[in-house]
Amino acid sequence: MSRSAFALPFVVEGPSGVAVRDRLKGLSVEDERVLRLVGAHLGVLAGRDLKIRCADALDHDTDRWAARKRQLTAESSARWAGSITKATHDQWALARRNRRAHMQCLEAGVRMLEHRLSLPIGHKGAKRVPGGYRSKREWFAKSRRLGVLRDRLAAERADWEAGRVHVVRGGRRLLNTRHHLEAAGLAEAEWRKQWEAGRWFLRADGESGKRYGNETIRVAPCGEVSIRLPAPLVHLANAGHGRYVLSSNVAFKHRGVEWADRVEANRAVAYRIHLDAGRGRWYLTASWQRATVPAIALEDARAGGMIGVDTNAGHLAAWWLDRHGNPVGEPRRFGYELSGTAGHRDAQIRQAITRLLHWAGRCGVAAIAIEDLDFSREKTREKYGRRKKFRQLISGMPIGRLRARLVSMAAEVGLAVVAVDPAYTSKWGVQHWREPMSAPHRKISRHDAASIAIGRRALGHPIRRRTAPPRHHQSDDAGHRTFQAASAARGREGPRRPVPDRAHEARRRTQATRSRGTSAPSTVRDARGVRDLGTRPIPGSC
């Protein structure tokens with residue numbers, strides 16, 4: 001495959017938003033009661049608004065949006081209504097995108113089944129193209145599978161054209177857990193608490209120019225949190241203008257200075273209050289948009305070398321390359337585990353990325369190279385057939401989350417991320433770099449070799465170690481030489497170690513002294529030159 005067939009490397013854009021979280025400690029019983037009442041009341045309104053938005057489907061327009069907002073304002077407030085309608089629109093749009101992605105996955109499966117069913121039984125496939133099925137039994141089973149996928153695809157297309165979406169407030173996974181409480185280790189009362197907390201709504205969008213950047217959920221620079229109560233709950237206010245001030249203060253340790261600067265300048269900051277029902281803890285999350293920082297040029301990212309990173313299911317394989325594409329130092333490996341809860345897996349990924357970024361800072365590079373992987377269409381069994389372990393492997397790789405984490409965390413330390421085409425990086429890395437970089441004291445894995453290939457592609461160099469000269473410049477007319485000439489062959493190519501001039505002078509001086517009958521320095525001749533061993537004294541002389 002020619003180099004022009006690969007996608008060109010590009011610098012990944014940095015994050016456009018920031019979110020920090022702190023725990024609301026020391027809440028009183030009254031504080032928790034007010035938060036539960038407000039969240040439940042607004043959650044009911046959000047559920048009704050989502051139902052209306054889903055019923056409108058593709059007929060929705062700005063007039064309907066304004067009508068929904070006016071209806072919600074009477075039962076809450078204008079700003080609460082704006083937050084609810086915006087969250088409803090985002091949720092409907094997300095469900096719409098997910099349906100489109102599911103349709104693309106079904107279409108890929110249908111195409112693969114049609115291709116394999118069209119081939120004779122037992123037909124061997126070509127390179128990177130699967131062949132026919134092994135037996136008539138398997139062919140018959142796959143033909144029935146094709147009918148099932150076609151029916152599903154037809155149903156999805158009908159819903160897409162009609163604008164129908166399926167949304168579960170609180171999460172479909174938590175809803176399904178209700179039928180498997182024993183496997184989840186939950187009692188019905190515990191599940192009910194999580195379900196109700198997941199359906200509450202305590203979210204307020206920021207407003208630039210307003211006091212402290214938010215009129216609905218306001219956080220002062222000192223950490224005081226106050227909430228504008230909805231109209232039916234104004235009687236619970238303990239401050240003026242229908243506000244309730246919590247007895248707990250927050251202090252954002254991460255990005256606290258940046259948050260304080262925005263609050264004091266009355267710039268928009270969005271807040272969300274949520275309850276972790278499993279632990280019984282309340283949290284406050286602050287988020288805001290950042291000014292889009294232009295990504296550095298690709299040539300600037302390549303100037304100081306780069307670190308190539310190969311993403312795997314349980315670790316990140318990395319190698320430092322200079323700007324000429326030569327590996328420097330030893331390969332590194334940053335492991336992580338993908339077992340346990342979602343929080344544990346996320347912490348493992350963050351820890352691995354943190355170690356990688358610290359090492360990149362010590363190397364002094366300006367960018368990190370990764371593969372532009374996308375397994376969204378490659379996980380179906382229609383393509384890989386019985387390779388169940390491989391499908392489980394690529395399904396367990398957190399490509400999207402890891403890339404998002406790497407981009408956001410690298411931007412904080414001033415590093416750029418360069419994405420490259422993942423085609424043939426592992427295969428060509430093993431072919432051209434595994435054996436040359438191996439040593440008796442160092443065994444190079446295929447993942448380490450792939451990291452070199454990724455880094456060289458990001459630097460703009462070919463993965464191959466050297467390029468053959470033009471055909472009319474080659475030494476042999478038949479093609480490029482694949483072996484070196486023997487050491488005894490005359491006129492062999494390659495540099496030779498120069499012989500020191502003093503060795504030639506010593507040889508001439510030795511011949512001259514021998515002709516006069518005097519002692520001469522002893523010399524040892526080898527293939528590379530003459531080595532002087534010094535002058536030996538004559539026995540019996542002083």
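Let's start in the interior: Trp359 comes out as buried, at 5% relative accessibility. Here buried means under 20% relative accessible area, exposed means over 50%, and partly exposed is in between, using a 1.4 Å probe and protein chains only. Phe334 is buried as well, with a relative accessible area of 3%. The rings of Phe334 and Trp359 make a tilted aromatic pair, 6.1 Å centre to centre with 50 degrees between the planes. The rule takes rings of Phe, Tyr and Trp (its six-membered ring) with centres within 6.5 Å, and calls planes under 30 degrees apart stacked, over 60 edge-to-face and the rest tilted. Phe334 sits in strand β11 (residues 327-335) and Trp359 in helix α10 (residues 342-363), so this pair links distant parts of the chain, 25 residues apart.

A word on ground rules. This is a predicted model, where local features need pLDDT of at least 70 and side-chain atom pairs count only at pLDDT 80 or more, while totals for chains, interfaces and linings use all residues. Residues are numbered from 1 along each chain as its sequence is written, and side-chain values use heavy atoms, leaving out hydrogens and water.

Zooming out, the chain holds 16 helices and 15 strands; these are DSSP runs (helices H or I, at least four residues; strands E, at least two), numbered from the N terminus. Of its 542 residues, 38% count as buried. The accessible surface comes to about 32,300 Å², with 50% of it belonging to carbon and sulfur atoms; the areas come from the Shrake-Rupley method with a 1.4 Å probe, and for residues only the protein chains shown count as cover. Among contacts (heavy atoms within 4.5 Å) between residues at least 6 apart in sequence, 65% join residues at least 24 apart.

Back to the rings: the count is seven aromatic pairs. One of them joins Phe6 and Tyr424 edge-to-face, 6.3 Å centre to centre and 75 degrees between the planes. That pair spans 418 residues, from the segment before β1 (10-11) to the loop between β13 (416-420) and α14 (425-437). Phe6 is buried at 11%, and Tyr424 is buried at 16%. Together with Trp428, Phe6 and Tyr424 form one aromatic cluster.

What about charges? Side chains of opposite charge can pair when their charged atoms come close. Counting a side-chain nitrogen of Lys or Arg within 4 Å of a carboxyl oxygen of Asp or Glu as a salt bridge, there are 21 salt bridges. Arg255 lies in the loop between β6 and α8 (256-264) and Glu412 in helix α13 (residues 399-412), 157 residues apart. Glu412 is partly exposed at 38%, and Glu258 is partly exposed at 27%. Arg33 and Glu30 also meet in a salt bridge, 2.9 Å from N to O; both lie in helix α1 (residues 29-56), three residues apart, about one turn.

Finally, look at the open sheet of three strands, ordered β4-β5-β6 with antiparallel pairing. Its edge strands, β4 (217-219) and β6 (243-249), each pair on one side only. Strands count as paired if DSSP finds at least two bridges between them; β4 and β5 (residues 224-228) have three. Val219 stands opposite Val225 in β5.
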